[in-house]
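Trainee: Please pick one part of this model and take me through it closely. I'd like to know how its pieces sit together and what the terms mean as we go.

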Amino acid sequence: MISFILFLLSVFCIIYYGIVIAYSGLHTAFVGFWLFSAVLSALAAVILQSSFYLSLPFIIHLIIKIVTVIILAFFLIILLKIISTSSYPDEDADYLIVLGAIVRGEKPSNALRERIQTAYNYLSTHKNTIAVLTGYRNSHAKISQGKCMQNELRKMGIPAYRLLVEDHAHTTEENLKFSRDFMTQLDPEVCIISSDFHLYRTMKTAKKYGFKNVKGIGAKTPAPILIHCYIREIFAIIKSYTH
């Protein structure tokens, strides 16, 4: 039964790899995970049916099962932390930090477009808030992520004086660290916009870099890449534990 489930998982991973590529492109970060998982699942299915595995002592089978349950439980705990992070779309703020995402040419990716729309919704109802739009110029882009967001928000009617561009940050840590340089108040009220799956790590990073009065606002993750983004974020959080 478990071997059959693993075989189905392998097939799903291959199909989902194609979906992510079709929606977000071949250069989507972490997309190779799905091919690796497909191979690993298929290999595990074969091993579980092999005479070698079936001949192993009961205690070895038990240890393998216990370790598997512990790993899955660890992943589940992280997932629950991500899902349970609250969003505060109505919080008043002096500054709104909008984290960047991939730009292609001069156009925002689907994930970045969701963040831009969320930023517009906030700025259009909080007239005194200044936005810091942060993100470098990624490969395959003609302009920085910050500049792309500024261009789109200006088209939507937000005046330029409310849109500050930070275009050097490559990581979440740099996004937040560099954005502080644009703030003239000592401890301003700050809201940070990122994708909903990224909010948990964003808020932890913000507190690490000294943001005291800070709330998060989650932008919707496009449905076709929802699973991909949450799985990638789990591994990103695990990686952050080692720093």
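Mentor: In this predicted model, five strands form an open sheet in the order E5-E4-E1-E6-E7, with parallel pairing. Strand E5 (163-166) and strand E7 (214-219) are the edge strands, each pairing on one side only. On average, neighbouring strands of this sheet are turned by 25° against each other, direction ignored. Strands pair when DSSP finds at least two bridges between them; strands (E, at least two residues) and helices (H or I, at least four) are DSSP runs numbered from the N terminus.

Residues are numbered from 1 along each chain as its sequence is written. Because the model is predicted, local features need pLDDT of at least 70, side-chain atom pairs count only at pLDDT 80 or more, and totals for chains, interfaces and linings use all residues, while side-chain values use heavy atoms, leaving out hydrogens and water.

Strand E4 (residues 130-134) runs parallel to E5, and 4 bridges join the two. Here Val 132 stands opposite Leu 164 in E5.

Two helices pack on this sheet. Helix H5 (residues 110-123) touches strand E1 (95-99), E4, E5, strand E6 (190-195) and E7, where contact means heavy atoms within 4.5 Å. The direction of H5 makes about 170° with that of E1; such angles run from 0 to 180 degrees between N-to-C directions, with axes fitted to C-alpha atoms, for helices over the stretch in contact. Helix H8 (residues 199-208) touches E1, E6 and E7, and its direction makes about 160° with that of E7.
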